[in-house]
Amino acid sequence: MTASSHSDQVYAGQAVYRPWTLPVYDLVAFKINCRFLFRVPVSEVVAMFDRNVSAEHLDVGVGTGYFLDNCRTDPEQSITLADLNEHSLRHAARRLARFDVTTVRANALEPLPLPGASFGSASLNFLLHCVPGSIREKAAVLDNVAACVRPGGRLFGATVLSKGVPVGAAARASFAAWNRRGMMNNSEDSLDDLRAELAARFPVHTVTVHGCTALFEAEVP
């Protein structure tokens, strides 16, 4: 799959991030959705960032910058934000202005316009479930992001699955509506497929499931 073959879906998946939605996004996404639908403690995601963020970090699919704002970071932290949505980039950059921040507009389904092997860590948090295609097709994102990380560096993130994990009735109804609107593209995303694609790329990796959310952490070979 190429980005152009699903261009409408790619843009639909990030269209929710607007100047008028971003100020309330954290409340809806992390206080409501994560707790009651995805069943993943936000503290677990913050802890994953604590374990993996390096001094030169790349964040792909930046949202509001919430997790980089709340995890343990060095005052001299260098952060590169990559996202297709200009509103998200501006919002997150303002939030993280105390760090050395660079923004790059990019589609994660395509090679990123960044130097190869130049980061110690990279996150793609709550991104894959917004990307069109099967997990096998979405795994191009893993390749593109990993190409920017030095060998031995860390790649990590979280994604919301629909198969192979417990999905409550309210979550299933929400997923169906969000998939129809293009806000999510996870109707076929399974835990087995995610594990398979990670294993094919990263000999050293872990996957931890909380509710219908998978947290993954990998060492880039």
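Q: Which residue forms a salt bridge with lysine 138, and how far apart are the closest N and O atoms?
A: A salt bridge pairs a side-chain nitrogen of Lys or Arg with a carboxyl oxygen of Asp or Glu within 4 Å. In this predicted model, lysine 138 pairs with aspartate 189, and their closest N and O atoms are 2.7 Å apart. Lysine 138 belongs to helix α6, while aspartate 189 sits in the loop between α7 and α8, so this bridge links distant parts of the chain, 51 residues apart.

Q: Are lysine 138 and aspartate 189 buried or exposed?
A: Both lysine 138 and aspartate 189 are buried.

Q: How many salt bridges does a search of the whole structure find?
A: The search finds twelve. Another of them joins glutamate 217 to arginine 51, with closest N and O atoms 2.7 Å apart. Glutamate 217 is in strand β7 and arginine 51 in helix α3, so the pair ties together parts 166 residues apart in sequence.

Q: How do I read the packing of helices α6 and α8?
A: Two packed helices are described by the angle between their axes and the distance between the axes. Here the axes of α6 and α8 come within 10 Å and cross at roughly 40 degrees, so the two helices are oblique to each other. The crossing is right-handed.

Q: Which residues meet there?
A: From α6 come Ile135, Arg136, Ala139, Leu142 and Asp143, and they meet Asp193, Leu194, Glu197, Leu198 and Arg201 of α8. By class, this contact has five nonpolar, no polar and five charged residues.

Notes
Residues are numbered from 1 along each chain as its sequence is written. This is a predicted model: local features need pLDDT of at least 70, side-chain atom pairs count only at pLDDT 80 or more; totals for chains, interfaces and linings use all residues. Side-chain values use heavy atoms; hydrogens and water are left out. Axes are lines fitted to C-alpha atoms, for helices over the stretch in contact, and angles run from 0 to 180 degrees between N-to-C directions. Helices (H or I, at least four residues) and strands (E, at least two) are DSSP runs, numbered from the N terminus. Angles under 35 degrees count as roughly parallel, over 145 as roughly antiparallel, 65 to 115 as roughly perpendicular and the rest as oblique. A crossing is left-handed if the near helix is turned anticlockwise from the far one by less than a right angle, and right-handed if clockwise. Contact means heavy atoms within 4.5 Å. Ala, Val, Leu, Ile, Met, Phe, Trp, Tyr, Cys and Pro count as nonpolar, Asp, Glu, Lys and Arg as charged, and the others, Gly among them, as polar. Buried means under 20% relative accessible area, exposed over 50%, partly exposed in between (1.4 Å probe, protein chains only).
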